[in-house]
Amino acid sequence: MNRDNPYRNKAPSQDHWMAHYDKILVEKILMGQKDLPTTILRFPAVVGPNEYRRFQRWLKPMLRGDAELLV
């Protein structure tokens with residue numbers, strides 16, 4: 001299994017999103033930036049358009065610009 005793209009071998013075709021999954025690669029690049037403090041948050045499910053019910057507790061402080069996020 002490719003650790004940078006864990007879904008590539010499971011993709012039903014080369015056009016499928018699983019073949020081009022790049023979240024981990026982007027996270028690695030961001031975490032390597034010395035002048036850009038980065039925190040990676042992984043929600044337990046995918047947030048889609050207008051899907052805020054489960055995550056309002058965390059999204060509201062972020063959208064308000066709170067300095068801290070209490071988990």
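Modeller: Let us begin with a definition: a residue is exposed when its relative accessible area is over 50%, buried when that area is under 20%, and partly exposed in between. Please keep in mind that this is a predicted model.

Colleague: Thank you. Which residues of H2 are exposed, then?

Modeller: Arg57, Leu63 and Arg64 are exposed in H2.

Colleague: And which residues of H2 are buried?

Modeller: Those are Trp58, Leu59 and Pro61. They lie on the same side of H2, because the arc they cover around the axis is only 165°. The exposed residues Arg57, Leu63 and Arg64 are on the other side of H2.

Colleague: Let me return to Arg64. What does Arg64 form a salt bridge with?

Modeller: Its partner is Asp66, and the closest N and O atoms of the two are 2.8 Å apart. Side chains of opposite charge can pair when their charged atoms come close.

Colleague: Why does Arg64 count as exposed?

Modeller: Arg64 has a relative accessibility of 57%, so it counts as exposed. Asp66 has a relative accessible area of 36% and is therefore partly exposed.

Colleague: How many salt bridges are there by this rule?

Modeller: The count comes to one salt bridge.

Colleague: Now a change of topic. How many helices and strands does the protein have?

Modeller: The protein has two helices and zero strands. Helix H1 covers 23-31 and helix H2 covers 56-64.

Colleague: What about Glu27: is it buried or exposed?

Modeller: Glu27, which is found in helix H1, has a relative accessible area of 12% and is therefore buried. Leaving aside residues up to four places away in sequence, Glu27 touches Ile40 and Arg42.

Colleague: Which residues does Ile24 touch?

Modeller: Ile24 also needs placing: this residue lies in helix H1. With residues up to four places away in sequence again left out, Ile24 touches Arg3, Asp4, Pro6 and Arg42. Ile24 and Pro6 are 18 residues apart in sequence, and their C-alpha atoms are 9.2 Å apart in space. Ile24 is buried, because its relative accessible area is 16%.

Colleague: Where is Leu36?

Modeller: Leu36 is in the loop between helix H1 and helix H2. Its relative accessibility is 41%, so Leu36 counts as partly exposed.

Colleague: Finally, the protein as a whole. What share of its residues is buried?

Modeller: The share is 18% of the 71 residues. The accessible surface comes to about 6,400 Å², and 55% of that belongs to carbon and sulfur atoms.

Colleague: What share of the contacts joins residues at least 24 apart?

Modeller: Counting contacts between residues at least 6 apart in sequence, 4% join residues at least 24 apart.

Notes: Residues are numbered from 1 along each chain as its sequence is written. This is a predicted model: local features need pLDDT of at least 70, side-chain atom pairs count only at pLDDT 80 or more; totals for chains, interfaces and linings use all residues. Side-chain values use heavy atoms; hydrogens and water are left out. Helices (H or I, at least four residues) and strands (E, at least two) are DSSP runs, numbered from the N terminus. Buried means under 20% relative accessible area, exposed over 50%, partly exposed in between (1.4 Å probe, protein chains only). Contact means heavy atoms within 4.5 Å. Accessible areas come from the Shrake-Rupley method with a 1.4 Å probe; for residues, only the protein chains shown count as cover. The arc is that of the directions from the helix axis to the C-beta atoms. A salt bridge is a side-chain nitrogen of Lys or Arg within 4 Å of a carboxyl oxygen of Asp or Glu.
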